[in-house]
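Student: Pick one part of this model and walk me through it closely, please. I'd rather have one connected picture than a tour of everything.

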Amino acid sequence: MSVIEACGNPASATEAKTHPAATTAAILARRAHLLGPAYRLFYERPLHPVRGEGVWLYDDEGRRYLDAYNNVAAVGHCHPRVVEAIARQAAQLNTHTRYLHTGILDYAERLLALLPAADYQLMLTCTGSEANDLALRAARAFTGGTGVIVTECAYHGVTSAVAEVSPSLGMALGPMVRTVPAPGTGGPLSFAQHVQAALDDMRAHGVRPAALLVDTIFSSDGVRSHPCDALAPAADVIRRAGGVLIADEVQAGFWRLGERMWGFERHGVVPDIITMGKPMGNGHPVAGVALRAEIIASFGASVRYFNTFGGNPVSCAAAAAVLDVLEDEKLGENAYYVGEHLHAGLRWLAQRHALIAEVRGTGLFAGVELGAPAGAAQPLAQIAANVVNGMREAGVLISATGVQGNVLKIRPPLPFSGEHADLLIEALDDALAFATARARL
Ligand code: PMP
């Protein structure tokens with residue numbers, strides 16, 4: 001059975017009535033006209049979802065798609081408990097952090113108890129970019145340095161400061177930024193040795209180091225889940241040089257990786273600063289940064305922090321409901337067990353398809369690296385795009401990432417089941433066969 005099937009309750013009917021002229025072509029033209037050229041859409045045939053539920057998205061024609069991409073809706077699209085918490089708080093009060101409100105305190109108490117050391121304090125933001133931006137400011141205030149080390153294809157967000165430490169955007173990096181290959185890449189030198197070389201280069205150029213900033217699943221570097229012993233020695237190296245370790249948990253955090261709640265735990269490190277976002281509000285814009293008290297003390301002594309929307313009562317209600325669901329539905333455990341099943345399926349595919357060079361990842365985060373098949377006429381990124389588009393046509397949503405855009409990124413909402421994983425594997429089997437045949441044309 002195809003994953004796509006008619007949906008019993010097509011929200012499209014309503015949408016079609018309210019926007020009778022909203023054909024895909026018309027919407028594309030309106031977008032280009034109104035939003036300008038910087039936005040990018042997924043897929044050769046863009047998707048127009050109008051409703052979400054659990055791991056499913058429903059498009060404007062009433063077709064359903066298995067969502068194996070959207071980690072933001074971590075506890076499932078439109079989870080009723082999160083929706084209810086948002087609605088209840090929105091109906092009662094929504095202000096900001098310049099008034100007393102216990103919602104933010106209850107949430108901070110709960111979240112901080114889920115972090116490894118006892119002395120973190122929490123500041124809330126609306127986006128992961130803001131969290132990383134704030135983390136950099138605090139790290140620089142604490143260390144007195146400006147230099148930041150990131151991985152070669154890292155992404156940490158959209159503000160000017162974090163875009164400068166996001167080589168995956170392809171923009172010029174700041175003069176105080178150095179890049180290192182992600183763990184498991186970069187030849188015979190260890191990750192820590194690369195970090196040391198970056199520090200040596202900073203010193204040679206009169207740049208004082210502030211931080212090593214890493215996405216703990218190295219997502220945009222192509223999902224570099226292993227090895228897990230590379231980060232701890234690198235943390236020692238940056239700390240010896242006077243800098244701090246910032247763990248960007250925007251991708252890896254909140255049980256995505258199964259075994260542990262946070263990505264850094266897999267690496268046996270206790271970061272100085274932890275940033276988080278995406279899944280934190282299940283789609284409601286909540287993000288945050290936890291900092292060791294010593295760091296926040298030096299920052300707070302000279303800076304006042306206020307964020308109009310960050311940490312508002314509705315955001316805190318959404319974030320608290322997400323923690324409730326994660327706990328009550330045991331989604332970390334689910335991510336672990338279903339992740340094992342998914343990875344077994346991906347390894348099985350790797351034996352069937354020469355196109356697969358390597359399967360990486362853990363829990364419900366997988367990276368499937370494609371290698372050019374013999375006699376391929378198409379570039380690898382195009383072959384990966386063909387797989388992603390083939391999956392979309394089959395009704396399963398994934399994406400591609402990595403330095404060459406050739407790593408399939410699979411990162412479903414956490415209530416993903418073994419049956420969902422089987423549907424994905426079946427669709428991927430076909431899409432890989434099709435893309436292999438097309439690559440040689
Ligand atoms: N850090 C990482 C590792 C991310 O993947 C992202 C978003 N893709 C961000 C930070 C930025 O988060 P946001 O889009 O919420 O600003």
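Tutor: Start at Ile246, whose bridge partner in strand β9 is Ile273. That bridge is one of 3 joining strand β8 (residues 244-248) to β9, and the two run parallel. Strands here are DSSP runs of E with at least two residues, helices are runs of H or I with at least four, and both are numbered from the N terminus. Two strands count as paired if DSSP finds at least two bridges between them.

Keep in mind that this is a predicted model, where local features need pLDDT of at least 70, side-chain atom pairs count only at pLDDT 80 or more, and totals for chains, interfaces and linings use all residues. Numbering starts from 1 along each chain as its sequence is written, and side-chain values use heavy atoms, with hydrogens and water left out.

β9 also pairs with strand β10 (residues 287-292), this time antiparallel, through 4 bridges.

A polar side-chain atom of Asp248 lies 2.6 Å from a nitrogen atom of the ligand. For a polar contact, the cut-off is a pair of N or O atoms within 3.5 Å. Lys278 has a side-chain N or O atom 3.2 Å from a ligand nitrogen, while Ser129 brings a side-chain N or O atom to 2.4 Å from a ligand oxygen. Overall, the protein covers 82% of the 390 Å² of accessible area that the ligand has on its own (Shrake-Rupley, 1.4 Å probe).

The rest of the shell, with a heavy atom within 4 Å as the cut-off, includes Thr127, Asn132, Tyr155, His156, Asp215 and Gln251. Helix α5 (residues 128-143) supplies the largest share of that shell, 3 residues. As for the site itself, the ligand sits in the second largest pocket. A pocket is an open set of points on a 1 Å grid over the protein atoms alone, with a 1.4 Å probe fitting and protein on both sides within 12 Å along at least five of seven lines; sitting in one takes more than half of the molecule's atoms within 2 Å of its grid points.

Methods: A polar contact is a pair of N or O atoms within 3.5 Å; within protein, one must be able to donate a hydrogen and the other to accept it, and residues adjacent in sequence count only if both atoms are side-chain atoms. On a 1 Å grid over the protein atoms alone, a cavity is a set of points where a 1.4 Å probe fits but cannot get out, and a pocket is an open set with protein on both sides within 12 Å along at least five of seven lines; lining residues have an atom within 4 Å of a point.
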